[in-house]
Amino acid sequence: MVIFFKNITVWRFGIEVFVMFTHLDWLRQFNLASVALRLTLAVLCGGMLGLERARKQRPAGFRTYMLVCMGAALTMILGQYEAVMLASPWAASAAATGVKTDVCRFGAQVINGVGFLGAGTIILTGRQQVKGLTTAAGLWSAACMGLAIGAGFYEAVFLAFIFSNLVVHLLPRIERRILENARDMNLFVEFHSLDQVGEIIRSIKAQGGHIHDVELDHGNPTQHPSAIFSIRMDQRGKHAKVMAVVSELESVYVIHNV
């Protein structure tokens, strides 16, 4: 009896999966409902991915991600539209003029265009930090997701959306925890004059830090001198203590863990 009910449950689950994929097959066809769903899904997925960037006041945020994802989806839909039109309404004209269109090229051009857009979000700060890489990678990922949406590959879109949200929401906490407990750290310090470098180095060594590299910036009339200290601690989890001790020095203006 138990085996019978188990078989019934498996059978019903199989029917539900079959019905679900049957609906997906219909939505993969080129029709008005499918086009509307794809564009709506692209707007929603792109916007939700851009929310995290918008909260952090990044150059590319909510609206940028939304437009990139929707534009990529629209590009794939345009390729399918031209393929359908060249196969029937425009077939005679295409044969007469010898027009041949490779719809796969549309997606390649989207990737190239987003590459230039993402490059505009990457900057090098005065602290020798590269900023904007995550934003650029997110734009590229949103464009690829839009291409998948435009092609009707809903299963891949679902998995990519879940993984993208895990990357931007969960992994930063894990990464921060790993970096805080690491023995190696890079410390950016801005100070009054180069004469105070020795005092800073002694403070770091007093906390068990071993300095294996120092990058000095002599500054200019409008900017104080600064340095990036590459440090290896004798114990894990001492980043906050080192920064607190160095920040207490009167000659230090700015301190930051890079």
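In which strand is Ala227 found? In this predicted model, Ala227 lies in strand E5, which comprises residues 226-233. The residue is buried, its relative accessible area being 0%; this value falls under the 20% cut-off for burial. When neighbours within four places in sequence are set aside, the contacts of Ala227 are with Leu187, Phe188, Val189, Phe191, Val214, Glu215 and Leu216. For Val189, the C-alpha to C-alpha distance to Ala227 is 5.5 Å, although the two residues are 38 residues apart in sequence.

A helix pair was also examined. Helix H2 (residues 32-55) packs with helix H7 (residues 154-180) at an angle of about 10°, and the axes are 10 Å apart. H2 is therefore roughly parallel to H7, because angles under 35 degrees are classed in this way. On the H2 side, the contact is made by Ser34, Leu37, Arg38, Leu41, Cys45, Met48, Leu49, Glu52 and Arg55, and on the H7 side by Tyr154, Val157, Phe161, Ser164, Asn165, Val168 and His169. By residue class, the contact of H2 with H7 comprises 9 nonpolar, 4 polar and 3 charged residues.

Within H7, the buried residues include Tyr154, Val157, Phe161, Ser164, Asn165, Val168 and Pro172. H7 bends by about 45° at Leu171, and Pro172 is a proline that follows within four residues.

Terms used
Residues numbered from 1 in each chain as written. Predicted model: local features only at pLDDT ≥ 70, side-chain atom pairs only at ≥ 80, totals over all residues. Heavy atoms only, no water. Axes fitted to C-alpha atoms, helices over the stretch in contact; angles between N-to-C directions. Helix = DSSP H or I, 4+ residues; strand = E, 2+ residues; numbered from the N terminus. Parallel < 35°, antiparallel > 145°, perpendicular 65-115°, else oblique. Contact = heavy atoms within 4.5 Å. Nonpolar A, V, L, I, M, F, W, Y, C, P; charged D, E, K, R; others polar. Bend = angle between axes of the 7 residues up to and from the residue. Buried < 20%, exposed > 50% of the residue type's maximum accessible area, 1.4 Å probe, protein only.
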